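Please look over the sequence and the model shown here before reading on. The paragraphs below are meant for someone meeting this structure for the first time.

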Amino acid sequence: MRRSDRARFATGLAVLATATSLLLAAFAAPAASADTCPETERTVRFGFYAYFEPVSHSAGQDPAAPGFDEHRGYEADLLTALEAMEGINLSFLRRGVAAWENIWLLPAGPNYDMAGGGITVLDTRTRDAAGKHAVVFTAGHIRFRQSLLVRAEDARRLSRYQDLEGAVRVGVIAGTTGETRLLELAGLADANGVLSPGVRIDTPRGTAVADVGAGYQIAASGASPALDGRLRLHPPTPTMPQVIYVTDEAALIGALLAGRIDAVARGEIGNRHTARAYGGAVAVGAVDERAETGGFAVAAGDTALAACLNEAIGWLTDGGRIGYRDWLNDPGVFLRRARKWKA
């Protein structure tokens, strides 16, 4: 056998061995390891966004009510199943969080170890305002796309993002990927969130006009200081929509039903849930082609917690093959999967 043939043969054996080991690993239940999960029970202080139904929401909508810290939804059931896995040794002290802005940075502070609530995993969200690497994300456990929720009679008229023009008012919540993706798709900002020249921004301090450069930037990890508290964006041309800023999810739906806005730019999962809940009064119009991945945030230095969560979530989701749609059809899917775990 020539040297080149021997080399190819050896490479083939190595590839075969790797494939075999991966195949065996796929059928073997992973074991909780002292290197990743705690040896004794650890209580994880978990802050969850309270208003992203059905992914993550509170039993009570009022932050002052006792039910506000009762976690409900897809992420709640995923974490409950994780608590049931023998040898993982994690339990979650859950606290509802009313404010979305920078919720992913909560674990970098003194009061939380972990944050969730349908948070899209973005590298820019791992850094604080000073640019310091503050948090890390777990592996993704849910996938979703952005979309428009509209009144039922407008579903055909606003079935594409290209249908958005100057007379259309789109409601968003600041700091969400619903906001930033809308701006990009509508041409109001580039892929980095830099606003197009001529966009007028209403703020409590007056109206500013975007010029060329990054001084007027809206990203999913934060916005330029001049845009803090933004209330409305006026398009520079009639081919782009107006953007109206609303404080929370309930206010968005109320504004749509009342006719104060014409569409809600938000994740498809939440919009489809709302369309079902309102019995045909509203419908999903345009749907983004690009998918996003959601995960949990933990402090950058808490690598053991991140590794343990990744191991457990990987098992519960079967490496990403079990997800939101499976849970929607069968809310007990994760708990049954947890019972098959062998520590």
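What follows moves from the chain as a whole to two of its residues.

This is a predicted model, in which local features need pLDDT of at least 70 and side-chain atom pairs count only at pLDDT 80 or more, while totals for chains, interfaces and linings use all residues. Residues are numbered from 1 along each chain as its sequence is written, and side-chain values use heavy atoms, with hydrogens and water left out.

The chain contains 8 helices and 17 strands, where helices (H or I, at least four residues) and strands (E, at least two) are DSSP runs numbered from the N terminus. Of its 343 residues, 48% are buried, a term that stands for under 20% relative accessible area, computed with a 1.4 Å probe and protein chains only. Among contacts (heavy atoms within 4.5 Å) between residues at least 6 apart in sequence, 66% join residues at least 24 apart.

Ala 299 belongs to strand 17, which covers residues 282–299, and it counts as buried because its relative accessibility is 18%. Although Ala 299 and Pro 107 are separated by 192 residues in sequence, their C-alpha atoms are 4.9 Å apart in space. Once neighbours within four places in sequence are set aside, Ala 299 is in contact with Pro 107, Asp 113, Ala 134, Val 135 and Val 136.

His 57 lies in strand 3, made of residues 56–58, and with a relative accessibility of 13% it too counts as buried. Not counting residues up to four places away in sequence, His 57 touches several residues, including Phe 48, Tyr 49, Glu 70 and His 71.

Terms used: Buried means under 20% relative accessible area, exposed over 50%, partly exposed in between (1.4 Å probe, protein chains only).
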